[in-house]
Amino acid sequence: MDILGIETSCDETAASVVRRHADGSGEILSDVVLSQLDLHAAFGGVVPELAARSHVTTLDRLVIQALDESGVALDQIDAVAVTSGPGLIGGLMVGLMTGKAIAMAANKPFIGINHLEGHALTARLTHAVPFPYLLLLVSGGHTQIVLVKGVNEYERWGTTIDDALGEAFDKTAKLLGLGYPGGPAVEQAALEGEPRRFRLPVPMRRDPRLDFSFSGLKTAVRQLAEAQAPLSQQTISDLCLAFETSVTSSLDDRISMAMQRFSERFGTGSGPALVVAGGVAANRAIRATLESRAAKAGFRFIAPPLNLCTDNAAMIAWAGAERLAAGLAADALTLAPRSRWPLDQTAAAVIGHGKRGAKA
Ligand code: KG4
Ligand code: ZN
């Protein structure tokens, strides 16, 4: 089964062709991603209108490129899968209209994909991970712990009650005068940090809900920074390290509790997996901590390659393939985009809602 995937929910314009073999394994035949990072950098964040305009001008050519590189002709494609939410509404509309037009002209099934489902199922494309498994999604727009039980079967166990983790990195970087995106800048600065100089609280530690919170931490960094002004390079590094240490401890605490809950319900006999996804999964301190915590809990630690952790269309094509293979129906061409679209429809909304409505 060969699926054309399209992703335009935030600031990456992406197209991909993914093949699902009869044995359930996946193969990426092409994976084209155009980042709009330069377009938004001057504004210190994604500007929705600019993002949508850029998707309009680049998507056609990226789809053609993805088809060319895959060696699969459009008439041999089995379905067109497009991110239909959550994300920035302008970008979603561009992707959906393009995908629908292609599906209609080529007379192919059309499937609207939840962007979070794309992230959730990527580990099955890269590592053939069996259900059920635990997913930690840490990106610029989302911070969630999800139980992935099967295709279309997700339980959200925790989410952020205020900022997403990537967003917290970005805001911290901004207030310390570091560049955008902030995550890599904070990580880099933290390498030179003095470990004992500043101590920040660990948000949500031992809280029985599996939620996250990062905005208080960001405020604590701001207050420390104001007290230390003018900031030397060393103080900036020390603050970055304190921030990174605190968020790493918070993730460690939350994910330990989640793995324990998972083990109580499913056992650990099958060597269950902890999967990470999202741009923040690039952070080495976070990765190392999660990896050792997973090993202690008897879990395999799985981190898809970075280009598949961050936004891409291969994950959307793959989610389309998984859905078709699971016997789920394709969508009508009247399908509307949804800027908000929880993966787990039964999960209660949380105060602060935990997303800035942009990235996932
Ligand atoms: O998944 P992603 O590329 O885009 C979406 O949000 O969908 O994630 C981007 C986020 C940004 O907030 C960025 O600052 C953060 O991931 N990030 C990092 C690192 N690299 C990227 N955060 C911490 N450490 C990093 N090395
Ligand atoms: Zn995403």
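Student: Which residues on the other side of α7 are called exposed?

Tutor: On that side of α7, Q223, E226 and A227 are exposed; the term requires over 50% relative accessible area, whereas buried means under 20% and partly exposed lies in between (1.4 Å probe, protein chains only). This is a predicted model, in which local features need pLDDT of at least 70. Residues are numbered from 1 along each chain as its sequence is written.

Student: What makes the buried residues of α7 lie on the same side?

Tutor: L217, K218, A220, V221 and A225 are the buried residues in α7. They cover an arc of only 155° around the axis, and therefore they fall on the same side of α7. Their cover includes α5 (165–175) and α8 (233–266).

Student: How do you know that the span of α7 agrees with its number of residues?

Tutor: The expected span is 1.5 Å times one less than the number of residues. For the 14 residues of α7 (residues 215–228) this gives 20 Å, and the end C-alpha atoms are 20 Å apart, so the two agree.

Student: Why is strand β6 described as largely enclosed?

Tutor: In β6 (residues 133–138), 6 of the 6 residues are buried, so the rest of the structure largely encloses this strand. Y133, L135 and L137 are buried on one side, and L134, L136 and V138 on the other.

Student: What makes β6 and β7 paired strands?

Tutor: Pairing requires that DSSP find at least two bridges between two strands. β6 and β7 (residues 143–150) are joined by 6 bridges and run antiparallel; L136 has I145 as its bridge partner in β7. β6 is also joined to β9 (residues 273–277), in parallel, by 4 bridges.

Note on methods
Chains lettered and ligands numbered in written order. Predicted model: local features only at pLDDT ≥ 70, side-chain atom pairs only at ≥ 80, totals over all residues. Heavy atoms only, no water. Helix = DSSP H or I, 4+ residues; strand = E, 2+ residues; numbered from the N terminus. Arc of directions from axis to C-beta. Contact = heavy atoms within 4.5 Å.
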